[in-house]
Amino acid sequence: MILFLIPVAMLILLESRVAKPNEFFLDYMTRERTAAINGIFTLLVFFSHASSCLKLTGPLDAPYLSIRRYLDQAIVVSFLFYSGYGMMESIKAKGMSYVKGIPFRRFFRVFLHMSVAVLLYVAVNLTLGREMKLLDILLAFPGYTSIGNSNWYVFAILSLYLMVFVSFLLSRGNLYLGTILTTILSILFVFWQMRMGRDPWTYNTVILFPAGMIFSLVKPLFEKLMAKNDAFTYTAFACLLAVYLFFDARRRAGIKFYSMWGILFMLLIVVLSLKFSVNNHILQWFGSHVFSFYILQRIPFMVLGHLGYQSRPFLFTVASFLFTIPLSVLFDLAVGRLDSLLYSRNRPLPQTGTVR
């Protein structure tokens, strides 16, 4: 599996740029730049999910499994962070008109897309003769349960959209109070998930969404400090890295340490983005199709597994990858038509996990 990380590394380096001394890439939070970063992690999520379906015992598998264990849920922090940032940027620009549109234009759109995906999984399960419980099917629509599909991220993002909506209604559009309320509700959501006995990966990165909102508020100050000169930036990065390593050594000690570890991991990426520009068009494509690529990749896993290809890990992974790409394109075309029927504005709506 480690061989699959080589093309990912090549894509990161291809079309990338390093800023000149005492110069900075101040477009680091634009849609194109954040989509490229998300594209990296979209690929890492795919390989992580694929490897979970396989028995990896080869000599080239051990290094990959070590990397996978270390990164753990860090591979999803950018999706939540950039989503939170993008939503706050939209609230800052459009005010309460945007907030009032969240239930229909954001929550319902994602729910609708998820519903289409769940129906596809129902069809695949029936075709493969896999049994499903009615309650599991119903709860799969908001992403609370799974019938073979990935689910927790959708449930988390739908819940976060509702938290933002409620928080900014209660705060009457006050940016700071609304963000504080969203953060509090996010923390309560995490503890509720823990009390329900949910798996840790369903909640241990949720705090990155309000962290992205907070970053949107402090971004001018951040740039004033971090884009001062190279000496300050590198010193600040070294300090940030030291704090990150402190929490990295303790992230298994509890949700508070894990949450801080995830936030610091993302902040390191943000600071690096000031000096190192990843702007590969292939990565941007994957980062702009996060939802479809994430939610549909388990269909090839299921079909190929049913056909017995799990005994051939390389072929299983490559074939799944190649099948997921056209599935994602067709899915986005289909739900794009649905969106055009439901939404009056004749412009493409953003993908879940991307900015704005």
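**A bent helix, its salt bridges and a pocket**

The side chains of Lys219 and Glu223 meet in a salt bridge, with N and O 3.1 Å apart; the term stands for a side-chain nitrogen of Lys or Arg within 4 Å of a carboxyl oxygen of Asp or Glu. The structure is a predicted model, in which local features need pLDDT of at least 70 and side-chain atom pairs count only at pLDDT 80 or more, while totals for chains, interfaces and linings use all residues. Residues are numbered from 1 along each chain as its sequence is written, and side-chain values use heavy atoms, with hydrogens and water left out.

Both Lys219 and Glu223 belong to helix α9, where they sit 4 residues apart, about one turn of the helix. Helices here are DSSP runs (H or I, at least four residues), numbered from the N terminus. Lys219 counts as buried because its relative accessibility is 17%, where buried means under 20% relative accessible area, exposed over 50%, and partly exposed in between (1.4 Å probe, protein chains only).

A bend of about 65 degrees is found at Val218, followed within four residues by a proline, Pro220. The bend is the angle between axes fitted to the seven residues ending at a residue and the seven starting there.

Salt bridges occur elsewhere too, and the count comes to 6. One of them joins Asp230 and Lys275, at 2.8 Å from N to O. This pair links distant parts of the chain, with Asp230 in helix α10 (residues 230–248) and Lys275 in helix α11 (residues 255–275), 45 residues apart. Asp230 is buried, at 11% relative accessible area, and Lys275 is buried as well, at 8%. Asp27 and Arg33 form another salt bridge, their closest N and O atoms lying 2.8 Å apart. Here Asp27 is partly exposed at 29% relative accessibility, whereas Arg33 is buried at 3%.

Finally, the largest pocket has a volume of about 690 Å³. Of its 30 lining residues, Ser48, His49, Gln73, Trp152 and Trp201 are the closest to the centre. On a 1 Å grid over the protein atoms alone, a pocket is an open set of points where a 1.4 Å probe fits, with protein on both sides within 12 Å along at least five of seven lines, and lining residues have an atom within 4 Å of a point.

Methods:
Helix = DSSP H or I, 4+ residues; strand = E, 2+ residues; numbered from the N terminus. Points joined across faces, edges and corners; volume = space filled by probe spheres on them.
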